Amino acid sequence: MRMSSLADVLTQPHRALPIVRVAAHMAWVDRRLVADEVSAARSVAAVLGVERAGAGVLSCGPLEPVAFESAALEAGARDVVYATALWIALADGVLDRVERAALDALARCLRLDAYQREWIESLVWPWSGSSGEWERRYAGVLLQLEGGAT
């Protein structure tokens, strides 16, 4: 059974905007923002249909831990939230220890077990990296999640 419905996220902006906040946080979590992370985070807002509402979220910098967890839980779509965070962390082609620690905290917050995490990561890795085509690749991640089952 899937943990969430992609249709719910795409049709309910109040669920999509927290995912954009999580994406922005992951882009900033290592305290440096690179062009690939900016492009990837903007594509998340575009694909989720909240580009206008998400404008400026990146300029706010990383979230405080409580706000980060709250944003993740507000979205409700645990698999989409974790997949998005991982995809953003991998946008520059490197998953450093700070990003891994943030993903570990996010997984605990979302109550993802090791199996769920491994399943999500196996879907995200092929769509990651800094090769451009951001919107198409993020949409690919979401389609993989929607088509998969845990």
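The protein chain exposes about 7,000 Å², and carbon and sulfur atoms supply 55% of that area. Keep in mind that you're looking at a predicted model. As for what it's built from, the protein chain has nine helices and zero strands.

**Overall shape**
- Picture a box of roughly 35 × 30 × 30 Å, taken along the principal axes: that's what the C-alpha atoms of the protein chain fill.
- A compact globule of 150 residues would have a radius of gyration near 15 Å, and the protein chain comes in at 13 Å, which agrees.

**How the chain is put together**
- If you read along the sequence, the pattern goes α-α-α-α-α-α-α-α-α.
- Take the contacts between residues at least 6 apart in sequence: 80% of them join residues at least 24 apart.
- Of the 150 residues in the protein chain, 51% are buried, meaning that each has under 20% relative accessible area.

**A look at helix α2**
- Helix α2 covers residues 13-28, which makes 16 residues.
- At 1.5 Å a residue, helix α2 should span 22 Å, and its end C-alpha atoms are 23 Å apart, so the two values agree.

Key: Residues are numbered from 1 along each chain as its sequence is written. This is a predicted model: local features need pLDDT of at least 70, side-chain atom pairs count only at pLDDT 80 or more; totals for chains, interfaces and linings use all residues. Side-chain values use heavy atoms; hydrogens and water are left out. Helices (H or I, at least four residues) and strands (E, at least two) are DSSP runs, numbered from the N terminus. The radius of gyration is taken over C-alpha atoms; the globule rule is 2.2 Å times the number of residues to the power 0.38. Buried means under 20% relative accessible area, exposed over 50%, partly exposed in between (1.4 Å probe, protein chains only). Contact means heavy atoms within 4.5 Å. Accessible areas come from the Shrake-Rupley method with a 1.4 Å probe; for residues, only the protein chains shown count as cover. The expected span of a helix is 1.5 Å times one less than its number of residues.
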